[in-house]
Structures are given as C-alpha cells and as structure tokens.
Amino acid sequence: MIKNENSDREAKVLAQHMNMSVFKARRVIDQIRGRSYEETLMILELMPYWASYPILRLVYSAAANASKNMGLNQADLFISKAEVNRGAIVKKLRPRARGRSYLIKRTTCHIKIFLKEKSKI
C-alpha cells in the first residue's frame, strides 16, 4: 500500500490558560468538530457566544500554520480533532467589609485544534 506524504500531516494549534470555562468552550467546539475550514469560519462568525471569538482566532492560526509551514491548501482543510481540557484555577482575593476577604476562582482551559487536508480520491 502506497501512502501519500500529505495524508498524515496535520496542522495543530494549542492555546493554554484561556480565561473561559471548559463548558462554555466545549459548547462551541462541539459545533465545529469535523467540519470544513470555510464552514467553520461561517459558523464561528455567526455564533452568539463570547467563547467563539478566541476559538475563531485559533482556527485562523491553525490554517495559517498549515499553509505557511506545510504548504497545504486552506480550501481543502477540515477540523480533524478539537478538544478542550481543564486548566489551572486562578485564585484571587477580593476585600470585603470588616477586614474579611472573599475568594474568587477563575477557571481556565486548554484548547487544541488539529486541521487535516481532505484526501482526494
């Protein structure tokens, strides 16, 4: 079996410590997983969620990596894998009345997006 050189190459992008909840990011990522690059851009631009804008920037970055570093065509790309994992929790103290403090927990997440080129049969 002869394997094409471009068939297993994929462009990836990783964003760590994004200031958003894992559940809010997964709601957006689940909509774009397995779709083509152009369709993904349309979906993310029209989605009303705040988390869609940082994910849109990540998809742009992954496509730029694919075209610049690997020479892949952006029109033939699709999202092969997209995952969101939980990151560290940033803990801050907010001053309250009578010298007390209130703990604020900011959740973060790590987002990975993998783009592959469609195989031409």
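Q: Hey, which residues is Lys 91 in contact with, leaving aside its neighbours within four places in sequence?
A: Lys 91 is in contact with Leu 103, Ile 104 and Lys 105, where contact means heavy atoms within 4.5 Å. This is a predicted model, in which local features need pLDDT of at least 70 and side-chain atom pairs count only at pLDDT 80 or more, while totals for chains, interfaces and linings use all residues. Residues are numbered from 1 along each chain as its sequence is written, and side-chain values use heavy atoms, with hydrogens and water left out.

Q: Thanks! Is Lys 91 buried or exposed?
A: Lys 91 counts as exposed because its relative accessibility is 57%; the cut-offs are under 20% relative accessible area for buried, over 50% for exposed and partly exposed in between, using a 1.4 Å probe and protein chains only. Lys 91 lies in strand β2. Helices (H or I, at least four residues) and strands (E, at least two) are DSSP runs, numbered from the N terminus.

Q: And how far apart are the C-alpha atoms of Lys 91 and Arg 106?
A: They are separated by 6.4 Å, with the two residues 15 apart along the chain.

Q: Which residues of α3 are buried?
A: Among them are Ile 55, Leu 58, Val 59 and Ala 62. What covers the buried residues of α3 includes β1, α1, α2, β2 and β3.

Q: On to the core: which residues touch the most other members?
A: In the largest nonpolar core, with 31 residues, those are Ile 29, Ile 55, Val 59, Cys 109, Ile 111 and Ile 113. A nonpolar core is a set of buried Ala, Val, Leu, Ile, Met, Phe, Trp, Tyr and Cys residues joined through side-chain atoms within 4.5 Å. The largest share, seven residues, comes from α3.

Q: Changing topic, what does the side chain of His 110 reach?
A: The side chain of His 110 reaches the backbone nitrogen of His 17 at 3.2 Å. His 110 is found in strand β3, residues 101-117, and counts as buried because its relative accessible area is 18%.

Q: Last one: where does Ser 21 lie?
A: Ser 21 is in the loop between β1 and α1. At 19% relative accessibility, Ser 21 counts as buried. Not counting residues up to four places away in sequence, Ser 21 touches Thr 107 and Cys 109.

Notes
Polar contact = N/O pair within 3.5 Å; in protein donor to acceptor, adjacent residues only side chain to side chain.
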